[in-house]
Each structure stands twice: as structure tokens, then as C-alpha cells.
Protein chains: 2
Amino acid sequence: MTAEKGHETSWVKALFEPRSVAVVGSASPGKLGYVLIEQLLAGGFDHVSLVGPKGQGTLGVPGFRSIGEIPDAPDLVVVASPANTVESVIEDAGRAAAKVAVILTAGFAESGNGRAERAVLQTARRFGVRLVGPNCAGIVNTRANLFPTLETRPHSGDVAFVSQSGALGGAVLAWAEEQGVGFSKFVSYGNGVDLTDVDFLDALRTDTETRVVALYVETVSDGRAFLDAAARLAAVKPLVVIKSGRSLSGVRAAMSHTGSLAGSDAVYDAALRQCGAIRVAGIEEMFDLCRGFTTLPVVLGKRLAIVTNSGGPGVLAADAADAAGLELPMLSEALRARLATSPHMSALGSLANPIDLTVQGTEAGYYEALVAVLGEVDAALAIDVNTPYLDAAPIARGVVAAARATGKPVAASFMAGKTVEAALPILKEGSVPNFATGEQAVNAISRIAAWTARHEGRGRESVATRRFSWSSRSEEAHDAWGASSGPIARGPRTGACGPKSVVRGPESGVRGPESRVRGPWSAAVSEPLAQRLPWEGEGLEPEVLDWLEGEGFPGPERRLVTSASAAADAVGALGGCVALKVVASGISHKTDVGGVILGVRTKAAARDAFAKLRRIGGKGFRGVLATPMVRDGVELLVGLSRDPQFGPVVAVGLGGVHAEVLRDVALRVAPIDVAEGKAMLDELRGEAILHGVRGEAPRDLDAAARLVAGVSLLPFHYVDLAELDLNPVFLLEDGLVIGDARAVRRDAAATHERGGSR
Amino acid sequence: MTAEKGHETSWVKALFEPRSVAVVGSASPGKLGYVLIEQLLAGGFDHVSLVGPKGQGTLGVPGFRSIGEIPDAPDLVVVASPANTVESVIEDAGRAAAKVAVILTAGFAESGNGRAERAVLQTARRFGVRLVGPNCAGIVNTRANLFPTLETRPHSGDVAFVSQSGALGGAVLAWAEEQGVGFSKFVSYGNGVDLTDVDFLDALRTDTETRVVALYVETVSDGRAFLDAAARLAAVKPLVVIKSGRSLSGVRAAMSHTGSLAGSDAVYDAALRQCGAIRVAGIEEMFDLCRGFTTLPVVLGKRLAIVTNSGGPGVLAADAADAAGLELPMLSEALRARLATSPHMSALGSLANPIDLTVQGTEAGYYEALVAVLGEVDAALAIDVNTPYLDAAPIARGVVAAARATGKPVAASFMAGKTVEAALPILKEGSVPNFATGEQAVNAISRIAAWTARHEGRGRESVATRRFSWSSRSEEAHDAWGASSGPIARGPRTGACGPKSVVRGPESGVRGPESRVRGPWSAAVSEPLAQRLPWEGEGLEPEVLDWLEGEGFPGPERRLVTSASAAADAVGALGGCVALKVVASGISHKTDVGGVILGVRTKAAARDAFAKLRRIGGKGFRGVLATPMVRDGVELLVGLSRDPQFGPVVAVGLGGVHAEVLRDVALRVAPIDVAEGKAMLDELRGEAILHGVRGEAPRDLDAAARLVAGVSLLPFHYVDLAELDLNPVFLLEDGLVIGDARAVRRDAAATHERGGSR
């Protein structure tokens with residue numbers, strides 16, 4: 001493992017390539033200490049000692065009463081002794097100059113015992129020992145024959161798997177052989193008291209033995225540090241993520257308008273897309289993508305051909321391809337004419353796409369059809385629906401030969417059970433990934449194609465090699481990220497579109513004694529935040545609009561009137577048709593209390609409206625705001641909130657019922673640039689409305705994107721801005737007007753926090 | 001197999017319980033005839049003869065030159081001889097009084113040779129022989145040890161599987177053992193020249209050996225006959241359907257407004273839901289549901305508890321439960337207090353829902369937790385994330401014992417691979433279905449719960465037996481359907497809400513020589529259609545509105561004006577603010593050509609508008625329609641189109657951009673009643689808008705549902721009504737107004753068809 005220079009080196013090397021390992025636990029057969037020794041020996045690692053109160057050895061491994069007694073001091077200590085002994089074990093490890101301890105023992109923060117966990121951490125810090133766990137399932141480095149874990153020992157492969165949950169990690173290891181996936185490394189970090197998601201992502205980024213990283217996470221340790229680490233990693237190798245806990249989004253129901261539209265899981269979803277990670281729904285899809293990424297050549301486009309020997313599964317796969325955004329183009333006349341005369345094509349088959357060879361499809365038939373179609377498409381799927389009287393092995397050989405001959409991505413779905421057993425080793429040997437169903441194959445191809453497209457900007461040439469050469473490009477890509485250039489780095493940039501004055505301030509989010517690599521997401525929240533919102537208490541609409549105009553945003557023409565006659569005068573002064581809105585402290589959602597009267601055209605109506613709004617305003621009444629009615633504006637909502645995990649989040653949606661009823665809102669972790677603002681508008685289901693439906697003129701998308709990007713910068717300049725809702729924003733053919741604005745301050749206590757990271 | 005009385009009996013019994021079978025094909029080892037004999041003998045069926053040109057026997061089975069030579073005339077003939085011999089083989093079978101022929105031979109309509117296929121059918125009709133196939137994979141009846149198929153011989157079980165595709169059918173049989181699903185019967189009907197989907201659904205409805213029917217279909221033979229048969233079946237046992245060909249919906253892109261909103265796959269989707277079938281995405285989900293339905297007791301509600309020994313997979317399953325509409329209620333204080341003191345609960349675990357027993361979860365722990373929670377919820381999921389050092393068998397025993405003790409539905413997800421092998425037979429023996437992931441288990445539970453809810457109206461008591469007693473209720477349920485009563489029969493009814501004058505006319509959709517059982521869907525299209533639309537050529541808006549008012553639908557107040565001064569007068573006469581629309585032949589989408597001018601308030605503006613519309617109308621100009629502007633109406637779209645497969649289809653959506661951009665439209669095969677119209681409104685994503693958002697008053701949902709139901713009847717009274725678009729319909733707090741209407745006639749040739757079935 002090639003680790004980075006600097007402080008990090010020591011723990012990474014000690015954890016994954018220790019010269020010797022001490023296990024702390026019971027030597028009795030069946031007990032955890034004993035099983036760990038068994039696993040280490042069975043895996044082929046024998047620089048091992050066992051430490052227990054009786055100093056007893058087992059299975060030929062020497063025993064000691066303390067780590068200090070071991071003549072050859074261990075780099076790595078694996079702790080499986082009772083919870084109340086762990087603190088002293090760590091002290092013992094520290095005195096013996098061990099560098100890392102993996103603590104399998106449970107009974108800490110996860111069961112309410114946070115105090116003991118903090119004590120263990122303090123002791124570790126005192127001696128410079130780094131910790132994995134507690135409450136974890138251990139680690140694996142297949143290349144070093146290192147298996148200090150109670151779980152199934154996995155085969156060697158190119159995938160590194162990092163799991164917050166130990167048990168889920170174990171299930172993945174147990175399922176992996178059946179799924180045809182091997183691992184370079186495995187880490188389960190459990191409670192993550194010290195080393196956690198961010199540290200392992202950084203370590204695996206430069207690990208030349210790892211081509212794909214899979215991550216299971218329930219809660220990230222630090223939203224912005226995670227985004228930085230994930231983005232750095234995803235710039236050089238695929239990062240496949242299972243993030244559970246979707247249904248817990250209800251916890252934020254009591255939050256503000258924009259806040260409740262966002263919901264915690266939606267923020268995670270946006271954040272993962274922003275940093276280039278690939279979110280999957282569950283373990284099976286994770287395996288599918290890992291198998292695809294480690295086996296297939298790059299997928300350079302969306303054009304797919306399907307070659308099958310059965311119509312039905314071909315149609316199911318074609319349906320799935322359509323749903324996943326792949327294209328199944330018609331094959332050229334020339335190609336079809338050529339295949340039609342081939343002796344290997346069944347006369348009963350179909351030469352459309354899917355190509356149906358019928359049950360008469362042979363080795364030569366699959367080979368010929370696949371080689372032919374791969375001259376016209378970007379990837380192919382070979383389906384063999386086998387029967388007991390059909391030998392699947394030759395078909396597999398034909399598929400493998402076509403993949404070799406063309407160098408293009410070919411996936412397989414050989415079905416089912418015993419009838420295709422003979423084919424599976426041939427496909428595996430030939431680097432053709434096999435999927436349980438054509439639908440799963442197609443999903444994997446489409447997600448790999450999307451990943452490739454995202455990275456294509458870095459030079460089609462380098463991507464178009466036979467296999468991704470991840471590791472050789474790691475450093476180059478890391479440099480690219482450091483310089484914040486290239487289309488991969490979708491995070492904040494410090495150019496014209498980025499935060500105006502991002503200053504790298506003092507450390508934030510650092511949990512261990514050593515500095516983490518910093519990235520733009522962390523930097524965005526670490527500058528000194530000097531400015532404060534220019535009003536006391538709750539901001540009323542006129543104050544908020546004035547402030548926004550001062551920041552360069554286009555507010556509406558307006559008059560704040562405090563008498564019925566002034567309201568009457570405003571009608572004519574503002575163009576003959578106005579909206580009148582109550583301005584009163586304590587009323588932040590004016591529509592809900594009848595505090596907005598639209599389309600007022602006469603002086604008499606304005607007087608009546610003023611009187612009504614005066615009553616609604618009650619004791620807090622400060623006046624009535626008159627604005628011209630805006631014609632032909634498409635209503636947008638632009639919002640800002642602070643997520644407990646990721647800090648400032650910006651949202652844009654189509655206004656009114658679109659945002660509220662249909663939840664048609666796009667989110668990003670702030671700040672973003674204008675290009676990302678446009679991408680958000682593209683994401684809306686109702687996006688076509690912005691381009692003009694039913695003969696209407698298209699709207700000024702540039703202006704909308706500039707507004708969203710501009711709003712996304714505000715929380716980095718105003719320490720006390722908690723939430724902002726611009727709703728509606730009227731988007732015109734040329735420009736836009738903010739129709740209403742509401743801002744919420746953070747209270748004094750909250751503003752001492754930095755930018756939302758916890 | 002208990003078949004229905006009447007004509008049907010003969011083919012059903014001859015096909016599935018033949019006294020003797022003749023195979024027609026080659027006797028040479030490896031050839032199809034030989035393999036079929038092998039399969040029949042290996043399965044345990046030995047009343048077999050082999051027929052071939054040489055009269056050669058094999059494997060101890062006697063050989064003959066023709067079927068007529070066989071002393072004991074066969075009920076069933078299985079044909080695997082070349083395509084050009086099949087017609088004479090069928091004649092031979094007919095002369096020998098065989099009742100059914102299963103034709104495996106390919107090379108007919110599927111490869112362009114429809115003529116030969118029709119000739120085979122004609123010969124079969126002449127002799128009264130019923131046909132399965134051609135181009136099929138044969139049939140299976142496990143209870144009769146009958147396996148005339150080339151595919152994997154499946155284990156016996158309670159699922160009948162009907163597959164249009166032979167190869168997909170074969171793949172399902174090959175995968176079934178691994179998936180833990182056994183079959184009562186299997187039929188692949190290939191080209192379906194004679195017996196097809198409808199026939200097999202009817203036969204399996206009353207088959208006492210079949211508790212669940214699974215169907216793979218690419219195109220149904222006759223939309224309404226299929227709906228009738230599927231609804232009859234689904235009233236008594238679950239019908240799980242894979243319908244492929246979703247992505248072909250693009251073929252209808254050139255169709256009308258409502259037509260293109262519908263799209264062929266969306267109509268299939270609606271039709272399958274209407275008849276109570278359960279549509280699944282693919283083979284794996286089909287297996288999941290079949291396993292669940294045949295193993296679990298009924299699921300009487302949506303309240304689920306999860307008991308796990310690992311947090312991560314528990315959270316993933318909880319997320320899936322939330323997404324599938326299940327509830328994970330908090331368990332009662334009393335229950336948690338009781339469990340908290342149990343010696344079988346780990347002190348480190350969690351007693352929330354999911355209950356996490358941690359890796360210390362034992363047989364007794366699972367038993368105790370499951371029994372406790374099943375007192376408070378409707379179903380439970382037991383997850384065991386196993387490790388190599390943990391014995392899964394006792395945990396399985398605890399789960400099985402809890403399921404037995406409570407009689408409630410308990411599903412399992414034991415993960416993964418070899419670490420849980422010992423548990424699987426225990427779960428199977430204990431009737432606890434095991435799923436690859438907790439997410440799949442939860443999906444199956446939720447769909448079974450939905451199926452149960454749909455059938456609950458038929459008496460909670462009868463449903464609440466330990467296992468569904470499908471077959472004993474078959475006849476009762478069939479009667480219920482015949483009488484069109486009860487909430488199961490979601491199809492058309494002949495009461496106040498149904499077609500006004502559905503008359504059971506002459507047969508329609510009958511393909512074979514024997515009558516099929518008729519149902520309301522077929523009946524709806526079989527009445528004599530006397531009425532015709534009261535205009536020549538294309539209907540203009542005033543004509544269509546007049547006609548609709550004659551049918552009892554509420555059109556707007558309106559004036560058709562033919563001069564600028566009449567237009568000016570209309571402003572005052574219609575309330576001071578009007579919409580003006582061009583009426584001209586050749587202009588059916590007025591908005592697209594600028595032919596609608598809204599909000600006209602003055603005489604001068606009306607004159608200008610008239611002049612403009614006059615120009616737009618061109619040569620076809622017939623006048624300008626003036627209607628009052630409607631205030632505070634929520635816009636709906638109500639549409640009617642004819643689907644090539646299912647005939648008249650009714651659609652409702654929120655108007656304007658909701659329908660067009662967001663595709664937020666609900667569909668049903670027509671006719672429907674008012675209750676079904678309400679269900680359609682419930683389905684809309686933007687449904688909340690109808691209930692009043694932002695303090696607006698709720699709209700008249702009854703009126704909307706009555707309109708949709710009423711519209712759905714029109715094509716059954718007007719033979720030449722091809723399409724109808726009511727767009728917008730203004731839905732008010734009390735009642736509604738149709739704002740615009742467009743109707744398309746079918747041309748003279750098309751009106752000779754009946755109601756759209758082909």
C-alpha cells in the first residue's frame with residue numbers, strides 16, 4: 001500500500017501492513033481471542049501474540065500478560081477483551097509503542113456508555129495510538145494475508161469495502177464469493193471514535209491495490225470533511241455508497257419551509273451526487289456495480305446492444321435499459337444484411353436490437369453477433385436463457401472471445417441455476433461479469449457509463465484504455481483537485497462563481513491529533529464570518545428586500561405605506577395593479593393569515609385592503625408593502641437552510657404548488673457556481689415549463705442560475721443567516737424579480753458554531 | 001384438477017391429466033423427440049408412445065408411424081417434428097380423436113410464417129383438437145408426474161406459472177429450486193394460436209392444486225377478455241404478472257393528446273391494477289411474491305416489526321418498509337419494559353423498532369422478541385446477519401417457533417452464503433419464507449398486505465384463517481363476481497354508476513370453437529352501438545359543448561359571435577371579463593396557434609381580439625366563442641381515448657402543465673363508476689391541490705369523480721367517438737364547468753369494429 005507522505009503514513013501502514021500483531025482476549029477455544037488467532041493463522045499470518053490475564057498461548061501462538069512483555073513490539077493490537085478492560089489495554093499498547101488498535105469490543109457509546117468511550121480515546125491520544133472501533137468487526141488486507149476479524153475471510157480482489165456497521169460488513173464478506181466479488185481491503189469502524197469514514201477514504205484513494213471503494217454508512221462523521229474526502233477519492237476511482245436511514249427524514253418535519261422540503265435524506269442524496277459518489281439502494285446493487293467496475297472496460301457512451309437466445313428476457317432487459325436512460329439503437333442496414341447471410345444466425349431469429357439468436361444460438365453465433373454490434377454501439381449485453389439440453393459453456397466461450405476481440409464492454413446474464421453452472425468459470429476467467437438478471441446488468445452498465453461520462457472531461461484518450469488504470473492516475477487527479485480545475489471538481493471553486501472571499505482559516509472538523517487533508521468543502525465554512533444581518537430580531541419583508549438589493553439581488557419596485565390614502569396613491573404610482581402585503585412582526589407566513597391581497601386596481605379597493613391588512617397586522621403592524629403585480633413571470637422558489645450534517649444547503653424549485661405539493665425541488669450543499677445552478681434547474685421534473693410550454697417564451701435560465709449561486713454564498717458571509725426563502729421569484733423572459741423574501745436569524749448561541757458542521 | 005362444467009372440461013383434463021401421451025419427433029438420442037421421452041419417463045409418466053416416420057421406439061417406449069396406429073388412443077399429443085409436418089400431424093391427431101396437441105415446433109408466425117400457423121389452426125378446428133403453442137416450451141403438471149417439456153423438471157408446489165415466452169418459462173423453472181418455489185402446473189403457450197392467456201387463467205381459477213398464479217406476458221390476446229379472466233381469477237387467488245414491453249410505449253407518440261399521455265404501457269399498468277392483478281418488475285420479485293403468498297398467513301395490516309441481530313440491515317429494511325408504505329410503530333412501554341428485564345435480551349441492544357438483539361441474539365431471544373411484538377403488529381421480519389462463528393440453525397428454530405406460536409406472518413432474511421446454510425431447511429420446513437435481503441422481504445410483505453386489504457371486504461373472518469383457503473372459496477367468489485357485488489369487483493357494474501344500458505350482445509372476442517366465460521369487461525363493448533355523434537366531420541367546440549350538455553355535462557355560459565360588435569356586446573353580457581376563442585374548421589389545438597385570448601374586459605379589446613381571431617381562423621373561420629373567465633377554478637383535464645388492446649380508456653389529471661409536463665395523470669380502462677373516479681383523483685401526485693393548499697377551499701371532488709365516470713360511459717353509447725379532451729375543466733368549491741372540449745370521430749371504416757378489442 002502506497003500511503004501519502006506525512007503523519008498519515010504511520011497508522012495506514014501499521015493497520016494494513018503490520019510487521020506483527022497482538023491479539024488481546026481469551027485463549028479458551030470458541031472465545032473471541034481464540035477465534036481471532038485461528039483466523040489470523042488460517043489466513044496465513046503468523047507474526048502473532050496473544051495477550052490475556054493468564055499469559056496463556058494457544059494454537060502454537062505465544063501468550064503474554066501484557067503487550068509490553070512481547071519481545072517484538074506489535075504495530076497493531078486487536079482488542080477483544082471486556083469493555084471495562086479496554087482503557088488499560090490501550091494504555092498498555094501505548095507504552096509498548098503500538099501504533100494502531102482495532103477494538104472489536106462492544107458496550108460503549110452504542111449502548112449509552114459514551115463516557116467510557118471518551119476515556120479510551122483520551123488515553124489513546126495521550127500515547128499517540130490511533131483507534132479503529134470500538135464495536136467493530138475488524139479489518140482485512142488480503143494482499144498481506146491479514147484477517148483480524150471474526151467474519152468470513154474473503155477472496156482477494158480489487159474492491160475495498162468500508163463499513164460503519166460491523167455486522168453488515170460481515171454479511172457482505174459472507175455473500176461475496178457467491179457474488180463473484182473479491183476484496184483488497186475491508187474495514188469496519190463501528191463507533192468510529194477516532195479513525196472514521198474520512199480517514200479511510202483518504203487512505204484508500206492512493207492505495208494501488210484498490211480500484212473501487214464501496215462504503216456503507218449510516219451517519220457521516222463530519223459532512224464537509226466527508227464531502228472533501230469523497231470528492232478526492234471519486235476523482236480517481238469509483239466510490240459506491242450505501243447510505244441507510246432514509247426513513248428517518250421525518251425528524252426534521254418541524255423545521256422551516258425550505259428545511260422541511262429538503263429533509264435530511266434528500267440532503268445526503270444531493271451531497272453524494274455532488275461529490276461524485278454513486279449511491280446504491282442495497283447490498284445486491286453494490287455487488288453488481290463493484291463487479292462491473294472491476295471487470296468491464298470503460299463504457300464510453302449510452303448505446304447498448306442486446307444479444308439473446310430468448311425473446312422474453314431480451315424484452316425485460318430492453319425495458320430496463322430504456323428506464324435507465326440507455327439507448328438501444330437500430331443496427332445499420334449493412335450490419336443486418338451481413339448477419340442475415342451468416343450460417344450462424346437462425347432463420348427464425350430477429351436482427352433488430354435485441355438480436356434474438358433463438359435457442360439455436362451457438363458459440364459462433366454469439367461471437368459473430370457481438371463482434372458485429374460492438375462496431376456500432378458502446379456496450380453489449382449477452383443473455384443466455386439456458387435449458388438442460390443446451391450446453392452453456394460454448395456460449396460463454398463465444399461471449400468471452402467477442403469481448404476479447406473487440407476490447408469493448410460486454411456483460412452477461414446467463415440464466416439460471418444449474419443449467420449455466422459450467423459457463424460461470426469461463427465468464428469469470430474471461431473478465432465478463434455475469435448478472436442474475438438482464439435488468440441488473442443493464443442497471444450496472446448505465447451507472448458505469450454515467451460515471452465514465454463524468455470523467456470524460458479529463459481526456460477521452462486516457463479513459464479509453466482497455467481497463468481503467470486508476471492507480472497510475474491517482475496523483476495526477478489529486479493534483480487536479482487541489483488546483484480546483486476540471487469538470488470533475490463539482491464542489492465550490494474560488495473563481496468568479498465561488499465564494500467571494502474564502503480564506504483558509506484555522507482547522508475545523510479535525511478529530512484526531514493529526515491534520516486531515518483539507519478540501520474546498522471544509523474551507524468554505526472555515527473563514528472568519530464577520531458580517532451580520534442588518535436588523536434586530538426577525539427581519540420584516542422590506543428589511544430583507546433592502547438587504548438583498550444591497551447584496552446585488554433584484555428586488556421589486558415597492559412602497560411601504562402606513563395609511564389608507566398612501567395605499568390608494570400607490571396603485572397609480574406602481575402601474576395600476578398592485579399586490580398589498582401586511583408587514584407586521586410575528587407574521588412570517590403572510591398568505592396563511594390572509595395577509596396578501598393580489599390584483600388591487602382601484603384606490604377604493606386599496607383603501608379597503610389597507611384596512612383589512614391593518615386588522616390582520618394587529619399589535620405588530622408596521623405598514624403595508626405595495627408592489628406591482630408581475631405579469632407572465634414563471635414562479636420559482638429559491639431557499640437556503642442549514643443542515644445539521646452538511647451546513648448550508650441551497651434549494652430551487654418551481655413555485656407555488658410545484659414546490660409544496662409535488663416536492664419538485666433540487667438541492668445542493670452550498671456554495672455552488674452558476675453551472676451547478678443550471679444543473680439544478682435541469683433536474684426539476686417541471687423543467688420544461690422554464691423552456692416555455694404551449695407557445696410561451698422561454699425564461700431567463702441564466703438569471704435564475706445566477707440567483708441560486710448568489711444565494712448559496714450568503715451564509716458564508718453572514719454568520720447569523722439561518723434560513724432564507726425567496727418565494728415567489730418571478731422569472732421573466734429577460735431577468736427576474738424577487739416577489740417576496742423571508743429570512744430567519746440564528747440566535748446568538750447558535751452563531752458561535754461554524755457553518756453548520758457539528 | 002377440478003375443472004369447470006361444460007365444454008372446457010375436455011381440454012383441461014386432457015392437457016393436464018391425460019391417460020396417455022404420444023410424442024411426435026425423432027427417436028435419435030439427443031433429438032427433441034428422444035429428450036421428451038427421457039423427460040416423461042424420468043418424471044414418472046410411462047403411458048407414452050413415440051411417433052415418427054420410421055415408427056421407431058426408444059428407451060422402452062413403443063414406436064409408431066402415425067398416431068392412428070397407437071392402440072390406446074392418446075388424449076395428449078406433444079409435437080416436436082419439423083414445421084412443415086405439423087399440419088399433417090394435427091390431422092393425424094384429430095383422426096385419432098386426440099383432444100389436445102402441445103406444439104413445441106418453432107418456425108411459424110414468430111418468424112413470419114403466419115400462413116402455416118393459420119393452416120394448422122384450421123385443421124385443428126376441423127377435428128376439434130385444441131392447441132397449445134406452436135413455438136412453446138411445453139407444459140408440466142407435477143401432481144400427475146407429467147413433464148412433456150425440454151426444461152428443468154420443477155419441484156411440486158402451489159404455484160402455477162403461465163408463460164407466453166417458452167425460454168423465459170424455462171429460465172424460471174431452472175431458477176425455482178434455488179428460489180425455494182415449487183409448481184403445481186406450468187404452461188408455456190408461445191404463439192398462442194388457439195389456447196392462450198385467457199383460457200389458462202380460467203382453467204387455473206378453479207384448480208384446487210394451485211394457490212397462486214404467476215403469469216409472464218408480452219401482449220395479451222384480447223384486452224377485455226383478459227381483464228375479465230384476470231379479475232375472476234384475482235377474486236379468489238393472487239395473480240402475479242410480469243408484463244414486459246414497457247419501452248415500446250414510444251410507438252404511440254404520434255397519437256392524440258390524451259392518447260399520448262396514456263401510452264400503451266400505462267394502460268396495461270392501469271388495467272392490471274383494475275382487475276386486481278399484482279404487477280411485478282421481474283423474475284426475482286415474482287419469486288419473492290410467490291414464496292410469500294404460498295408460505296405466509298394472511299397479512300392483515302400495515303404494521304410491521306423488525307427483529308434483527310445487526311443494526312445496519314435493520315435500518316435498510318426499515319427504509320424499505322417506509323418506502324413501501326408499511327408502518328414501523330413504536331412498541332408499547334409495557335412491552336419494552338417486559339423485554340428489558342428478559343435474560344434473553346442483550347443489554348447492548350435496542351428495544352425500539354427495529355429491535356436489535358445484537359450478535360448476542362439467541363434462539364430464545366428471537367422467540368421471545370417475535371412473540372412479544374406480534375401481539376402489537378400485523379407482521380414481523382426476522383433478520384439474522386450471521387457470522388462464521390455463529391450457528392444460524394438455533395436462530396431459525398426460534399423464528400419458526402414464534403411463527404407457529406402466534407399464527408402470524410413472519411418472514412426471514414438470513415444472510416449470507418454458507419454461514420446460514422444450516423438455517424434454510426429449518427425455515428422452509430417451518431413455513432417461514434426466507435428472502436435474499438430484508439428489503440425484498442419487506443416489499444413482499446407490503447404487497448401481500450395490499451392484496452389482503454383489497455379482499456378484506458369479503459369478510460375479515462374468512463380471511464383471518466391461519467392460511468388462505470383459496471380453493472374452497474373459489475365458487476363463492478366467482479358467484480360474487482357474477483353478481484358484480486362487493487369491493488373486489490372494481491370493474492364496471494350495471495347499477496347507477498355503470499354503463500346505462502349494457503346489454504349482453506352476441507359473442508365477442510371468442511377465438512376457439514367453444515365459448516369463453518363472459519365477464520363485464522367484454523360485455524361493456526358488446527352491446528349494439530346505435531348512437532352517432534351529432535355533427536359532420538370534425539366537431540367544433542360549440543358543437544361538442546352542445547352535445548355534452550345534451551348528455552348532462554355542465555358546459556360554460558357562452559356566445560358564438562360572428563362580428564366584432566357582437567364580440568364587444570358579449571363582454572358585458574357575460575359578466576365583464578371573458579375568454580375569446582377562435583372557432584374554425586381545421587384548428588383543433590387553438591392555443592398552439594394563438595387562437596385563445598383570455599381576460600378581455602373592454603369592448604375595444606373585444607373588437608381587437610375578434611379581428612385577430614378572424615385572421616387566425618382563415619378560410620375555415622366560423623366565429624368566435626365568448627365565455628366568462630372562471631375565477632378560482634382548479635384546472636383539470638379529463639380525456640378519453642381508445643387503446644388498441646383494451647378499447648376505451650379514461651384519463652384525469654390536473655390541468656395545464658401538470659398533465660403535460662409532469663405527466664401527472666391517472667388512467668382506467670372504461671367504463672368506471674364514481675368510486676373508481678375518486679380513486680383516480682386520489683392517485684394524482686398533485687392531489688393535495690384539490691383539497692385546498694395555502695388556505696384555499698377544497699374543491700368538489702364528487703363532481704369531478706362524477707364527470708370522469710360519466711365521460712367513461714360515452715364511448716359505449718357513441719360508436720364513432722374516438723377521442724375526447726375536456727381541457728380545462730374548472731373545478732370549483734361547488735360543482736365544475738367544462739372550459740373547452742375537443743372530440744375526434746372515428747372514420748367510417750373504424751366504426752365497424754367493436755369497442756376497440758382487436
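Modeller: Contact here means heavy atoms within 4.5 Å, and by that rule the contact takes 65 residues from chain A and 66 residues from chain B. This is a predicted model, in which local features need pLDDT of at least 70 and side-chain atom pairs count only at pLDDT 80 or more, while totals for chains, interfaces and linings use all residues. Residues are numbered from 1 along each chain as its sequence is written, chains are lettered from A in the order in which they are written, and side-chain values use heavy atoms, with hydrogens and water left out.

Biologist: What makes B:Glu177 and A:Lys418 a salt bridge?

Modeller: A salt bridge is a side-chain nitrogen of Lys or Arg within 4 Å of a carboxyl oxygen of Asp or Glu; the closest N and O atoms of B:Glu177 and A:Lys418 are 3.8 Å apart, so the pair qualifies. Across the interface of chain A and chain B the rule finds two salt bridges.

Biologist: How much area is buried between chain A and chain B, and what share do carbon and sulfur atoms give?

Modeller: Buried area is the accessible area (1.4 Å probe) that two parts lose on being put together, summed over both; for chain A and chain B this is about 4900 Å², and carbon and sulfur atoms give 65% of it.

Biologist: Why is helix H9 of chain B called mostly covered?

Modeller: Helices are DSSP runs (H or I, at least four residues), numbered from the N terminus, and buried means under 20% relative accessible area (1.4 Å probe, protein chains only). Eight of the 11 residues of H9(B), residues 264–274, are buried, and the helix is therefore called mostly covered; among the buried ones are B:Val267, B:Tyr268 and B:Leu272.

Terms used:
Buried means under 20% relative accessible area, exposed over 50%, partly exposed in between (1.4 Å probe, protein chains only). Helices (H or I, at least four residues) and strands (E, at least two) are DSSP runs, numbered from the N terminus.
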